[in-house]
Amino acid sequence: MAEEQGFQEKTEKATPRRRQKAREEGRVAKSMELNSALIIVLGCSAIFLLGPTLSSQLRLMMSTTMANAPSLALQDPTFAKSWTDSMLTFFTVVGPVFAVMLVIGLTSNIAQVGFHISSKALEPKFDKLNVVNGLKKLFAVRSLVTLVRDTTKLGIVGLIGFYAIRAEFDKFFMLPDMTVWQIATTMGTMALVIALKIGAAMLVLAALDYAYQRYEFEKSIKMSKQDIRDEMKDTEGSPQVKARVRQIQREMARNRMMADVPNADVVITNPTHIAVALKYDSSLGIAPIVVAKGERLIAQKIKEIAYAHDVPVIEDKPLARALFKMCDVGQAIPGNLYRAVAEILAYVYRLKGKVV
């Protein structure tokens, strides 16, 4: 009854074609939170590892600039060249960190969905500007679930951030006794440790989110049995059409085969069930060729054409069965049948007074 009403439950896994179509439309299982978490964790790890080198390079740049400020002011009153050189040095120092983050972002995306550029995903969709549809989505159950999920994740990350900061809180009381450089180093280390702890929590939540996104994606591209049948019709054609095509192909092949029967040298029969037409061209020096063969009605048709065109019809049950079983149309006879066929051809040639 459901099928008659044009509705079927989508219970079947998506076919490769459905997946490819969804991919071309930009619909893939992807978690943006996983990208962010990886960038935070691995980016902070890169900063933690490269921190001593970065800090020493930046410290050297600042101290050199401050120590040579009077001479620089005389040489470059506008400080344009000094500013350009400082920015160039700064980006040279922090460039490796930016490069690491860029590689992390690209690798994370490619690992989730592979490398694919979808032009359809970039096309503007004006239906998204529809206010009514926007309000429907706003008050939909899915939106409520998303709100609860995101609020829960934010609460978890905030709680972990609170405990991470509280664990480092005792170090704040040591700051008044430190030099400026020690304060900067301590604050930077504390910030990195806190960011790593929060990033680790985000990474766990992002992995769960990625699993959820995959579940939702697989659910969204599921197909009904009717969808699969319709896709098969689109790609391969309906069974009725394919059967008709095969029938036409068989008829065309049979007509070509029948057209070669008048040129045969002999037709060997079973006598009523099988007929095999052979042709031998001595000028080519090859074995006799099967130009037509068939059973029952086709065999009768081959014999009728042979009689109409004075092609000899010879009854030899074992040879006819062997030729029918072992040879296809257009194929030379096998070597173990040479002798038997040669005897029949010699007999036919004697009847016709033909010299081989």
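Here is a short tour, stop by stop.

This is a predicted model, where local features need pLDDT of at least 70 and side-chain atom pairs count only at pLDDT 80 or more, while totals for chains, interfaces and linings use all residues. Residues are numbered from 1 along each chain as its sequence is written, and side-chain values use heavy atoms, leaving out hydrogens and water.

**Stop 1: two helices.** Select residues 32-67 (helix 2) and 180-220 (helix 7): their axes come within 6 Å and cross at roughly 160°. That makes the two helices roughly antiparallel (angles over 145 degrees count as such). Axes here are lines fitted to C-alpha atoms over the stretch in contact, with angles from 0 to 180 degrees between N-to-C directions. Helices (H or I, at least four residues) and strands (E, at least two) are DSSP runs, numbered from the N terminus.

**Stop 2: salt bridges.** How many salt bridges does a search of the whole structure find? There are seven, each being a side-chain nitrogen of Lys or Arg within 4 Å of a carboxyl oxygen of Asp or Glu. Show the side chains of Glu33 and Lys153, which meet at 2.4 Å, N to O. Glu33 sits in helix 2 and Lys153 in helix 6 (residues 141-167), so this pair ties together parts 120 residues apart in sequence. Lys153 is buried at 11% relative accessibility, while Glu33 is partly exposed at 28% (buried means under 20% relative accessible area, exposed over 50%, partly exposed in between, with a 1.4 Å probe and protein chains only).

Next, pick Lys293 and Asp328, another salt bridge at 3.8 Å, N to O. Lys293 is in strand 3 and Asp328 in the loop between helix 11 (317-326) and helix 12 (338-352), 35 residues apart. Lys293 is buried at 17%, but Asp328 is partly exposed at 48%.

**Stop 3: a proline pair.** Jump to Pro288, in the loop between strand 2 (274-279) and strand 3 (289-295). At 9% relative accessibility, Pro288 is buried.

**Last stop: helix 4.** Finish at Ile110, found in helix 4 (residues 80-113). With 43% relative accessibility, Ile110 counts as partly exposed.

Key. Angles under 35 degrees count as roughly parallel, over 145 as roughly antiparallel, 65 to 115 as roughly perpendicular and the rest as oblique.
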